[in-house]
Amino acid sequence: MSTEHKNLTQTPLLKILVLWMGCNLNHGKGSSVPQFCNSPTVIVMVGLPARGKTYISKKLTRYLNWIGVPTKVFNVGQYRREAVKTYKNFEFFKPDNEEAMRIRKACASAALKDVAAYFTKEYGQVAVFDATNTTRERRAVINSFAKERGYKVFFVESICDDPEIITENIKQVKFGSPDYIDRDIEEAMTDFVQRIECYKASYTSIDDEKDRKLSYIKIFDVGSRYLVNQVQDHIQSRIVYYLMNIHVTPRSIYLSRHGESELNLLGRIGGDSGLSPRGLKYADALAVFIRGQQIKDLKVWTSHMKRTIQTAEALGVQYEQWKALNEIDAGVCEELTYEEIQENFPEEFAMRDQEKYRYRYPKGESYEDLVHRLEPVIMELERQENVLVICHQAIMRCLIAYFLDKPADELPYLRCPLHTVLKLTPVAYGCKVESFFLNIEAVNTHREKPT
Amino acid sequence: MKHRSPLEQHHGKQPRVSVPAEAAAGSLQSDMEDKSTFSPRELTQNPLKKIWMPNKNGLPEKHISHRMVCMTNCPTLIVTVGLPARGKTYISKKLTRYLNWIGVLTREFNVGQYRREFLKIYKSFEFFRPDNEEGLKIRRQCASAALNDVRQYLTEEGGQVAVFDATNTTRERRDTILEFAEQNGFKVFFVESVCEDPEVIQENIVQVKLGSPDYTNCNTEEAVEDFMKRIKCYENSYETLDEVLDRDLSFIKIMDVGQRYLVNKVMDHIQSRIVYYLMNIHITPRSIYLCRHGESELNVKGRIGGDSGLTPGGKEFAKKLNQFIQTQNIRELKVWTSQMKRTIQTAEALNVPYEQWKVLNEIDAGVCEEMRYEEIQENYRLEFALRDQDKYRYRYPKGESYEDLVQRLEPVIMELERQENVLVICHQAVMRCLLAYFLDKAAEELPYLKCPLHTVLKLTPMAYGCKVESISLNVEAVNTHREKPENVEVTRMSEEALITVPAHQ
């Protein structure tokens, strides 16, 4: 093999060095962190109805997509709703209902087929197979399906017998389900409880002895206890870590930028300037607003930059500084105006507009890099309860994209105006968003994608 | 997912976050009234770490907590549980090393050590017989002495985590420890290692017991026989952590060297990080190769940072590195580089797939990028002096510190733990941080570890530590290692500042 010196060129967008021909990077796109998925992985949910399987499926999928692992949920209930247009009642789920059994098996097969298509045709890396999968037989079918195609399998079983939690689940997500749209609450509750009974008789939990070769995590009582078996690789390890850090205790996350800064006023990006007079006013208004919210045990986080810290100072409470919350590093463009960037770096400017998510400033960072450095912040936000994060425009866009499940091409254009607090409250399968403009004028720093 | 317990205990110990005067006074209402002496928006930047802190009467306030790593409000006591030869000490030492590296002050307390100091001479397994009253008394005393030292470490010496390494195989003993912790306001996290695989146990005994002070005067067979009998002494009274009986305790049970884990009631951030770490480590034999890129053009000019390419000497090194790697016959070697030209050019010579990690990039020297030390002395003499005063914590203006590096390298360490044979081609400061993790070097030493160009370090985990082999590939290169000069005062003469600068063009 020739080892003569080959030319390395830097890809203009990502500023990654590659050979002019043939690239040793996975996926040919490169990123700030190696991608560790080699074979696709099927995550298989296991558990009785109302045990949080869909909640976990959606949340996990959102997280994996945000960190750059293409992931999709395949909810067998959806397939069933498409096959059987109208849901009558729990009798559909009776174990002796042969017709229904046939339909349900067909739905599961259809979903598995789509999983295969997702991997082979759509470059997916992780598929979350969201169904009860409560029998050994069904799990064996999925396992074979995966083995034949060289997919890895990781089971996630949710076990819970606390009637309060189950009732709460049913209230939060089942009443709003298409299955119960024309029912009143009591009818829906009675029917759903009987639906659960249909599964109970044939439910076999993953067996710690017989299934010791399988890779799985068992979640007991909403995270009180976990049993983890045979973690095979990096992505499974990350999934386990994530699942062990999330919780369902009600809380709210407040996101805000620093008050208007001196450099904001001058139309300059980056830097480390202090607050303008209006910015200082905002800091006071924020303090009043926060007090008004009467938040229990609020944690306050800022970046290491002067403008977020000055903003936090007005609150008069403890706060923690995170370097990871610092604004995106614009490298050679730090403290320039957009006009100056256009003048001095017209190619860079154009490239950024073409692909703002992956574009890396020369000697700086990209939004993609930001997501990577914010991952520990997200993990800690998951662990915490009420938190106020005072940060920066690009940072806030990344955090919001995580909570609101926005894809990479939308992320850099999310609106995060100055002097506006976003209150995020997890609800059902998603997040309620409330926006509070605190009535202090500020410059607009949002730049749309030019046409 | 978890239920939150209503209390996060704050047992008398001050939280680690410092608080603006107003808030410390109590209610949030008060600070609206009197702002006359305290202007909350006056900030000064700490000159060493470049952290913004509020000014109080012209003096910087003791710095607001900044997130380096897991914050825990009360100290944590990690308690190992398990029969002899189940890897408790291995886990204790490794966990302690990891926690210290990420900045959590941790120390292990091995009760066996206390016993050895007390007894001076170990005769035989009979000491451990459950009916040996005298032995039991001594062992209880040793456990108490160790706990006493734990208390001192956590309450008086600023320790954050103490690892209590002993068998702790009975519920009674564990209850004693829980009481002790409760009295002192420590959180408790149990780490139990359960293993019945005779091969693993045998290997353990061979690796670490035969070399123990207890067995220096025995031959191998005698030692193994005695040790097996020693294990037997514990077996009858062993009460493993139970899902039901111990459901209110926080613990992780590691089964069969990591095949399976049971995790119960993780209480806080640090316990969550500990669980993640323990679930990623393994004991499969392997080696980690660390080296820097080949000599770069900026290296020979005596300039720091930048993104230059290799000199002819550097290219020569890359070729030799390729040959070296071939001769090592490494199974399934993974190769990692940074995203800087010089490491990638080096990896290219190996003709194997490699992964680029941005977090392996060299320390960002901010405004000093691409300068020579002479220029830094001329233009930033204060900065230069501060760096010599505390090289680990010093952050370049608009750049990074070694402390920042450690934080950004943590995912690399975590993945290195998961992997087997890996070659990491990186940079001087980065390599120092990685090496400090593997060789348990303290923060003060870390920035001065010697990582010369054109030298490969082969690290092989062994017993409780790491064997290091240093292999120079015999290609000349400049020296880039700058020792700490004697005079670190700002007032020093340029000559004094520059006296340790290595030669360059």
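Two strands pair if DSSP finds at least two bridges between them. With that in hand, here are close-up views of a predicted model.

**View 1. Strands 11 and 14 of chain B run side by side.** Strand 11 (residues 288–292) and strand 14 (residues 422–426) of chain B are paired in the parallel sense, and five bridges join them. Look for B:Arg292, which has B:Cys426 of strand 14 of chain B standing opposite.

**View 2. An open sheet in chain B is built from six strands.** Reading across, the order is 13-12-14-11-15-16, with mixed pairing. Strand 13 (355–356) and strand 16 (465–472) of chain B are the edge strands, since each of them pairs on one side only.

**View 3. B:Asp404 sits in helix 15 of chain B.** This helix spans residues 402–418. B:Asp404 counts as buried because its relative accessibility is 5%, and buried means under 20%. To place B:Asp404 relative to B:Leu290, note that the two are 114 residues apart in sequence and 20 Å apart in space, C-alpha to C-alpha.

**View 4. Four acidic residues form a negative surface patch in chain B.** The members are B:Glu172, B:Asp175, B:Glu179 and B:Glu182. One of them, B:Glu182, belongs to helix 6 (residues 171–184) of chain B. Is B:Glu182 buried or exposed? Its relative accessibility is 55%, so B:Glu182 counts as exposed, the cut-off being over 50%.

Definitions and conventions
Residues numbered from 1 in each chain as written. Chains lettered and ligands numbered in written order. Predicted model: local features only at pLDDT ≥ 70, side-chain atom pairs only at ≥ 80, totals over all residues. Heavy atoms only, no water. Patch = residues over 30% accessible without salt bridge, like charges linked within 9 Å, V, L, I, M, F, W, Y side chains within 5 Å. Areas by Shrake-Rupley, 256 points an atom, 1.4 Å probe, with all protein chains shown as cover. Salt bridge = Lys/Arg side-chain N within 4 Å of Asp/Glu carboxyl O. Charge placed at Lys NZ, Arg CZ, Asp CG, Glu CD. Helix = DSSP H or I, 4+ residues; strand = E, 2+ residues; numbered from the N terminus. Buried < 20%, exposed > 50% of the residue type's maximum accessible area, 1.4 Å probe, protein only.
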